[in-house]
Amino acid sequence: MLYTIPDYYHEFRCVAGKCEDTCCAGWQIVADEAALEKYKNETGVFAEHLKESINWEEGTFKQDKDKRCVFLNRSNLCDMYTALGEESLCRTCKLYPRHIEEFEDVREVTLSVSCPEVARILMNKKEPMHFLSYETDEEEEYGDFDPFLYSKLVDAREVLIDILQDREKKLNLRAALILEIARDVQECIDEEDIFSMDDVFDYYRTEEGIHEVETDFAEADHLTYIRKMFQNQYQMEHLRGDWESYLKKAEKLLYGNANDNLCEKHYMEMLGEFHTWLQKEMPEYEIQYEQLLVYFISTYFCGAVYDGEAFAKAQMAVVSILLIHELLMAQWKMNEKALSIKDVIEIVYRYSRELEHSDSNLNLIQELMSEREY
Ligand code: SF4
């Protein structure tokens, strides 16, 4: 079995009670069968509280009215961990913030940026992200797995990441290039012409391919597109109670009231001023966006081996960074034209929580992206 991890994997340490947020609130924690069996057989002093805190039908830990796990105490520490030790935790709690994508004979392990500590590591990382791998003797065979498509998707992902990390190019060109490549890769998948993917990679290395993307990008109607993507967020399930009101406040600052005619001039002026501010006060912002794009592409792109939706996955990565950028611009306005690294980390982990910790949100964004409008 081949395992891959990002190069910053071992830097992560959970700060538990010192965490500025918690991973034990907002979403439903589902316990695995083995853990549930252990809880059923627990006999010590914690047993009664343990058993009555589990929804046995759903196999989940109960939550209080603020959607906090009932084991999470007011100091943001886990009572189960304190009473029964780390070994008592279910698989979900032991693993988080580790995220595993499973393929035949491959496990790709990443760290989710929905954890503030992971977001902090990634947003402070200056060098391009790379991946480490190691092999074990385990072997497995999937009944229904297309190893050839997977290997071509791995090749495509390498090309996308190489482009994203080419700091000689402007970031918006890099993002536009990976979208075009993913769109053409999608065509190869749809037409069952996987071999032609190599021609796609070669074409976008040429001057002609790059120029074509630059021209298309210059003609795109950015405001209409981003406003629509922003409004899509209201169709999603909201895990934190205050997320929707935060979105509404941000939307009003960015685009005016819901029924206002789009004021493109006002928006473009604000965008220009924000970029000037970023370049002067937070020049590392392009590196931060690059790391996030690589994070989304490395985590999700090869999942297209299961559903064939490579373009939707690339779009999800780019749209996520565009939305984080919009939220940062709104926060900059809320702060009277200032932004700190703390704001960046908070927006990144909050956005990621809402998107990545809800299967229905991940499915919805993929559905919206597979409309192939970009
Ligand atoms: S969100 Fe991250 S740092 Fe905070 S408690 Fe959970 S794992 Fe630890």
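**View 1. Lys94 and Glu87 join in a salt bridge.** The N to O distance between these two side chains is 3.8 Å. The model shown here, and in every view below, is predicted. Side chains of opposite charge can pair when their charged atoms come close. Lys94 has a relative accessible area of 36%, so Lys94 is partly exposed.

**View 2. A salt bridge links Lys125 with Glu127.** Here the side chains meet at 3.5 Å, N to O. Is Lys125 buried or exposed? Lys125 is buried, because its relative accessible area is 10%, under the 20% cut-off. Glu127 is partly exposed, at a relative accessible area of 47%.

**View 3. Lys265 pairs with Glu269.** The two side chains form a salt bridge. The distance from N to O is 3.4 Å. How many salt bridges does the rule count? The count comes to 27. Among them are Lys265 with Glu269, Lys125 with Glu127 and Lys94 with Glu87.

**View 4. The protein chain is divided into two domains.** Domain 1 covers residues 24-95. Domain 2 covers residues 147-369. How far apart do the C-alpha centres of the two domains lie? They lie 36 Å apart. Lys94 and Glu87, the pair of the opening view, have numbers that fall in the range 24-95 of domain 1. Lys265 and Glu269 carry numbers within 147-369, the range of domain 2.

**View 5. Domain 1 meets domain 2.** Four residues of domain 1 are in contact with five residues of domain 2. The size of an interface is often given as the accessible area lost when the parts come together. Between domain 1 and domain 2, the buried area is about 380 Å². Carbon and sulfur atoms give 57% of that area. On the side of domain 1 that touches domain 2, two residues are nonpolar, one is polar and one is charged.

**View 6. Polar contacts cross the interface of domain 1 and domain 2.** Two residue pairs are in polar contact there. Both are at pLDDT 80 or more. The count of salt bridges between the two domains is zero.

Definitions and conventions
Residues are numbered from 1 along each chain as its sequence is written. This is a predicted model: local features need pLDDT of at least 70, side-chain atom pairs count only at pLDDT 80 or more; totals for chains, interfaces and linings use all residues. Side-chain values use heavy atoms; hydrogens and water are left out. Domain bounds come from an automatic or database domain assignment. Contact means heavy atoms within 4.5 Å. Buried area is the accessible area (1.4 Å probe) that two parts lose on being put together, summed over both. A salt bridge is a side-chain nitrogen of Lys or Arg within 4 Å of a carboxyl oxygen of Asp or Glu. A polar contact is a pair of N or O atoms within 3.5 Å; within protein, one must be able to donate a hydrogen and the other to accept it, and residues adjacent in sequence count only if both atoms are side-chain atoms. Ala, Val, Leu, Ile, Met, Phe, Trp, Tyr, Cys and Pro count as nonpolar, Asp, Glu, Lys and Arg as charged, and the others, Gly among them, as polar. Buried means under 20% relative accessible area, exposed over 50%, partly exposed in between (1.4 Å probe, protein chains only).
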